[in-house]
Amino acid sequence: MKITFYGHACIGIEVAGKHILVDPFITGNPKASHININELKADYILITHAHFDHVQDVEAIAKRTDAVIVSNWEIANYYGAKELKFHPMNHGGSWTFDFGKVKYVAAVHSSAFPDGTYGGNPGGFVIEGEHKNIYISGDTALTMDMKLIPMRTKLDLAIFPIGDCFTMDIEDAIIASDFVECDKVLGCHFDTFGFIEINHEQAIKKFFDKGKDLMLLSIGESIEL
């Protein structure tokens, strides 16, 4: 499984010969100006919630790639009404795709499209691939529901927002990694705006001091699991 950070909360995943994009917000992010969305491959687009900084490039990429949009009922049908391919889900439900099993899990946040359309309840995704399993929490507060995830799935990586203000901060993300029983964490949702700037060295050290590994990738950088 190859995972690429495209800035903010946008993640690319390559698994089982398929390309998955999560929360594509690239053209509106000056820090990701070197990423050309017309060069990105996408068989599936996973959307955690409807805020502009998670959906801005969904339509453009989906129209070009014919990708299937996977999200909650409201978000999936929002794009279905635009004649894009979609697969609806809801909290607690799972579906086996050709790249692996996906479960839509709870997140504590808000969700509305830029045009004001209700985006349903926000969520996260647990993806079980053939060899590796990951948890993408989406924008969320620390929640006790995270403790349910390792009861079903042993994780190899957890992807958490760490920028504070709108989501968890570093300290809460450390606790979240305890809850999901995964010490390997990829940080996202930081530095894009002034509200969510972080001290990288301090964040990494706080995780290290707890025996955990926090990865803060440069935009466009990848890791292999």
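Which residues is Asp 57 in contact with, leaving aside its neighbours within four places in sequence? These legends take you through a predicted model, starting with that residue.

**View 1. Asp 57 sits in the loop between α1 (52-55) and α2 (58-65).** Beyond its neighbours within four places in sequence, Asp 57 touches Pro 24, Phe 25, Ile 26, Thr 27 and Ile 37.

**View 2. Ile 45 is among the residues with the most contacts inside the largest nonpolar core.** That core has 77 residues, and Ile 13, Tyr 79, Tyr 135 and Phe 160 share this standing with Ile 45. Helix α5 (residues 170-179) gives the most to the core, with 5 residues. Leaving aside neighbours within four places in sequence, the contacts of Ile 45 include Leu 21, Pro 24, Val 58 and Ile 61.

**View 3. Lys 212 forms salt bridges with Asp 178 and Asp 183.** The closest N and O atoms are 2.6 Å apart in the pair with Asp 178. Asp 178 lies in helix α5 and Lys 212 in the loop between α6 (200-209) and β13 (213-215), so this pair ties together parts 34 residues apart in sequence. For Asp 183, the N to O distance is 2.7 Å. Lys 212 counts as buried at 8% relative accessibility, whereas Asp 178 is partly exposed at 45% and Asp 183 is partly exposed at 41%.

**View 4. Lys 184 and Asp 213 form a salt bridge.** Their closest N and O atoms are 3.6 Å apart. Lys 184 is partly exposed at 30% relative accessibility, and Asp 213 is partly exposed at 35%.

How values were computed: Residues numbered from 1 in each chain as written. Predicted model: local features only at pLDDT ≥ 70, side-chain atom pairs only at ≥ 80, totals over all residues. Heavy atoms only, no water. Helix = DSSP H or I, 4+ residues; strand = E, 2+ residues; numbered from the N terminus. Contact = heavy atoms within 4.5 Å. Core = buried A, V, L, I, M, F, W, Y, C linked by side-chain atoms within 4.5 Å. Buried < 20%, exposed > 50% of the residue type's maximum accessible area, 1.4 Å probe, protein only. Salt bridge = Lys/Arg side-chain N within 4 Å of Asp/Glu carboxyl O.
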